[in-house]
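Subject: The structure I promised you

Hi,

Here is the structure we talked about.

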Amino acid sequence: MADRTSAGSHPPAEDRPGSDGGVDDEAVVRSTFSALDDWRKVRGPFIPVPGSDLAIDDEDWPPFGVSQVAWAGFTVAAEHLQAIRAHIDVRPPNRPNLYAFAHQTLARTALVGATSAVWVLSPEEREVRIARARNIVTYMQGEHLKYLRALQELAEHHGTDLVASHVEMRQRELAEKREADGDRAKFETTRVIREAAVDTFGDKNIAKEVVAEWRSGSGARRTDSCTQSLVDQE
């Protein structure tokens with residue numbers, strides 16, 4: 001992305017080829033801004049309409065239902081894209097601020113959030129949606145417990161102990177449900193991205209391009225120690 005004096009100096013996205021003759025990454029990011037404006041008007045938390053497919057899906061695991069897994073994914077994606085927007089969508093006398101590593105990290109986290117939501121919602125089969133949501137929640141709870149254990153090593157705190165005990169309980173409950181269904185799959189970010197891309201575009205070749213773009217940011221991910229936990233697991 002080339003530096004420019006203001007957002008007003010940018011030609012229309014469709015008229016801006018990439019520097020290598022391919023896709024203009026900045027134009028793709030900018031194409032999300034109208035959707036971000038719509039998303040920021042939505043008031044949370046999201047509650048499915050009673051009797052809807054999502055409402056029924058949520059009955060499998062009320063503490064963190066399918067709808068909430070998707071809502072969290074979309075929220076993460078929107079927040080990180082908005083952070084990129086704050087750097088590049090500026091007006092004079094301000095200038096765009098482009099960060100080679102930080103933007104890669106933000107974009108990768110947005111990709112993980114969006115694809116996790118698509119991955120959970122796209123299957124027609126309820127059992128697949130539920131299994132995928134359980135998979136993500138299992139991973140999230142595991143990472144949450146690691147954080148709580150780190151806090152417990154630093155100092156004694158009754159509140160932290162209570163939260164850790166509660167998360168452990170939820171972990172056991174969810175593990176029992178998964179075990180009963182013979183589900184031992186582990187969360188794999190790259191697989192989620194690949195399968196979500198196939199579901200979105202219906203083309204395995206495009207999915208390969210998406211995965212390649214995901215992997216291209218690995219250097220940025222390893223350089224930026226603030227990358228979120230979902231991005232850290234490839």
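Axes are lines fitted to C-alpha atoms, for helices over the stretch in contact, and the angles run from 0 to 180 degrees between N-to-C directions. Helices (H or I, at least four residues) and strands (E, at least two) are DSSP runs, numbered from the N terminus.

Two bits of housekeeping. This is a predicted model, where local features need pLDDT of at least 70 and side-chain atom pairs count only at pLDDT 80 or more, while totals for chains, interfaces and linings use all residues. Residues are numbered from 1 along each chain as its sequence is written, and side-chain values use heavy atoms, with hydrogens and water left out.

How confident is the predictor? pLDDT is its confidence in each residue, from 0 to 100. The protein averages 86, and 84% of the residues score at least 70. Residues 1–19 stay under 50, and the model has 37 contacts for them beyond four places in sequence (contact means heavy atoms within 4.5 Å). Residues 223–227 are also below 50, with seven contacts beyond near neighbours in sequence. Where pLDDT is low, the predicted coordinates should not be read in detail.

Now the helix pairs. The axes of α6 (residues 126–154) and α7 (residues 158–180) come within 10 Å and cross at roughly 155 degrees, so α6 and α7 are roughly antiparallel to each other. Their crossing is left-handed (the near helix is turned anticlockwise from the far one by less than a right angle; clockwise would be right-handed). Among the residues that meet are V137, L145 and L148 in α6 and V163, V167 and L174 in α7. By class, this contact of α6 with α7 has eight nonpolar, eight polar and seven charged residues. Here Ala, Val, Leu, Ile, Met, Phe, Trp, Tyr, Cys and Pro count as nonpolar, Asp, Glu, Lys and Arg as charged, and the others, Gly among them, as polar.

α6 also meets α5 (residues 102–121): their axes come within 7 Å and cross at roughly 145 degrees. S116, W119, V120 and L121 of α5 make this contact with R129, R132, A133, N135 and I136 of α6.

α5 has another partner in α8 (residues 189–201), with axes that come within 8 Å and cross at roughly 60 degrees, which makes α5 oblique to α8. This crossing is left-handed. W119 turns up here too, as one of the α5 residues that meet α8.

Finally, a cis peptide bond joins G44 and P45, with omega about -5 degrees, and another joins P92 and P93, with omega about 5 degrees.

Cheers

Terms used: Angles under 35 degrees count as roughly parallel, over 145 as roughly antiparallel, 65 to 115 as roughly perpendicular and the rest as oblique. pLDDT is the predictor's confidence in each residue, from 0 to 100.
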